[in-house]
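This report goes through a structure in order: helices, sheets, ligands. Keep the sequence and the 3D view open while reading.

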Amino acid sequence: MTDSPITAQGPAAPAAAPQGEPILQVRNLVKHFPLTQGILFKKQIGAVKAVDGVSFDLYRGETLGIVGESGCGKSTVAKLLMNLEQATSGEVFYKGQDITRLSGRALKAVRRNIQMVFQDPYTSLNPRMTVGDIIGEPFDIHPEAAPKGDRRRRVRELLDVVGLNPEYINRYPHQFSGGQRQRIGIARGLALNPEIIICDEPVSALDVSVQAQVVNLMEKLQDEFGLSYVFIAHDLSIVRHISDRVGVMYLGRIAEIGSDAEIYEHPTHPYTQALLSAVPVPDPEAREHRERIILSGDVPSPANPPSGCRFRTRCWKAQDRCATETPLLAIPERFADSGTLAAHESACHFAEAVSY
Ligand SMILES: Nc1ncnc2c1ncn2[C@@H]1O[C@H](COP(=O)(O)OP(=O)(O)O)[C@@H](O)[C@H]1O
Ligand code: SF4
Ligand SMILES: [Mg+2]
């Protein structure tokens, strides 16, 4: 039985990658949280395989969407990308330098360029700090990047950039709506002029009407400042709006990755097909032709994932081979020379083209 990492592809760029230099190269990233027993003498009895062999590239100026159900390892990937969580193994190259091996001053220097925006605008802002202090806090952590002279002027500018009234600088987080609070979180993320922003479900806690406004703001800022985004969500429809490429995660691994059109119009992995079949379609005619795939059962525990293909316990196409042989994330042979949008990386032995 083989249960080797799913993407042993080394630093070679994935075939379907866009042109240009990647700014972030993630290779075989693994995070296992030890499961222990006992109080005085802790004994490891297993591990939660939260992230188990994830590889992708992030290109300058692009948005890479990462989607998947709750618990599949998205937030852990986000933290690994900034070395907020120590990787069990694997590498994250930022401009060729492996972040997972950095500490102290060298890590701090890299972190200036990679910022994070979190999901919950209610808990991620300190309620006892004014908005001015929250947005200006990164300047205390990185004085070398602080504006010379008037910091508050820079904070006012940042408020203006994210569409908030600069006069609000002395207000507290509770005086703002959810969408406004997320704008404050984004302003803080922008303070140090980063190159990359890792957005962990930045709009999931917001009302649908507000989600679109915040996503539009993020797109505008991306153009203005040449930012690269990793945009995490569990909702496929939101990711589509902002992403150039999308990676679909399942139980700590990437099931399928490709351009926006490849994933949304020609998904080849059964998991992606099931997720897409559940996305509401506004056009009634298209809706009539779409078959709704209902996934049976729950996501298995990452402490004891299925052998072979991790999706097999819920896959309607599963065969014996799926239990014994881990499908590699690669362009399926039958599509490699097809010249169609099905020619993108998919970790399924029986990948099949379906048009949506
Ligand atoms: N610090 C931790 N210790 C133990 N298990 C963890 C820890 N953080 C996350 N996990 C587990 O890792 C898995 C993936 O979690 P997470 O990355 O938060 O997923 P997602 O963001 O996709 O919902 C879950 O089973 C979660 O319970
Ligand atoms: S490898 Fe097998 S179990 Fe996994 S998605 Fe493909 S058909 Fe389903
Ligand atoms: Mg999460």
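At what angle do α5 and helix α6 (residues 208–225) pack, and how far apart are their axes? The angle is about 20 degrees, and the axes are 10 Å apart. The values come from a predicted model, in which local features need pLDDT of at least 70, side-chain atom pairs count only at pLDDT 80 or more, and totals for chains, interfaces and linings use all residues. Residues are numbered from 1 along each chain as its sequence is written, while chains are lettered from A and ligands numbered from 1 in the order in which they are written.

**Helix packing**

Two packed helices are described by the angle between their axes and the distance between the axes. Axes here are lines fitted to C-alpha atoms, for helices over the stretch in contact, and angles run from 0 to 180 degrees between N-to-C directions. Helices (H or I, at least four residues) and strands (E, at least two) are DSSP runs, numbered from the N terminus.

| Helix pair | Angle | Axes |
|---|---|---|
| α3 (residues 131–141) and α4 (residues 151–161) | roughly 115 degrees | within 10 Å |
| α3 and α5 (residues 178–190) | about 30 degrees | 7 Å apart |
| α5 and α6 (residues 208–225) | about 20 degrees | 10 Å apart |

Angles under 35 degrees count as roughly parallel, over 145 as roughly antiparallel, 65 to 115 as roughly perpendicular and the rest as oblique. α5 and α6 are therefore roughly parallel to each other. α5 passes α6 in a right-handed crossing; a crossing is left-handed if the near helix is turned anticlockwise from the far one by less than a right angle, and right-handed if clockwise. On the α5 side the contact is made by G178, G179, Q182, R183, I186 and L190, and on the α6 side by V210, Q213, V214, L217, M218 and L221. Two residues are in contact if their C-beta atoms, placed from the backbone, lie within 7 Å. By class, this contact of α5 with α6 has seven nonpolar, four polar and one charged residues. Ala, Val, Leu, Ile, Met, Phe, Trp, Tyr, Cys and Pro count as nonpolar, Asp, Glu, Lys and Arg as charged, and the others, Gly among them, as polar.

The axes of α3 and α5 pack at an angle of about 30 degrees, which makes α3 roughly parallel to α5. α3 passes α5 in a right-handed crossing. V131, I134, I135, E137 and P138 of α3 make the contact with I184, A187 and R188 of α5. Its residues divide into six nonpolar, no polar and two charged.

α3 and α4 are roughly perpendicular to each other, and α3 passes α4 in a right-handed crossing. In this pair, G132, I135, G136 and F139 of α3 meet R151, R152, V155 and L158 of α4. The contact of α3 with α4 has four nonpolar, two polar and two charged residues.

**Sheets**

Seven strands form an open sheet in the order β6-β7-β8-β3-β9-β10-β11, and the pairing is mixed. Its edge strands, β6 (114–117) and β11 (345–346), each pair on one side only. Two strands pair if DSSP finds at least two bridges between them. Inside this sheet, β3 (residues 63–67) and β8 (residues 228–233) pair in the parallel sense over five bridges, and V67 stands opposite A233 in β8. Helix α1 lies across β3, β6, β7 (196–200), β8 and β9 (245–250), running at about 155 degrees to β7.

Another open sheet has four strands in the order β2-β1-β4-β5, with antiparallel pairing. The edge strands are β2 and β5 (97–98), each pairing on one side only. Two bridges join β4 (residues 89–94) to β5, and F93 stands opposite D98 in β5.

**Ligand surroundings**

A residue is near a molecule or strand if its C-beta atom, placed from the backbone, lies within 6 Å of it. The residues around ligand 1 are F33, V48, A50, G68, S70, G71, C72, G73, K74, S75, T76 and P302. Two or more of these residues come from each of the elements β2 (43–59) and α1 (74–81). α1 gives the most, with three residues. The shell around ligand 1 has five nonpolar, six polar and one charged residues.

Ligand 2 is surrounded by 13 residues, the closest being C309, R312, C315, C322 and C348. By class, nine residues of the shell around ligand 2 are nonpolar, two polar and two charged.
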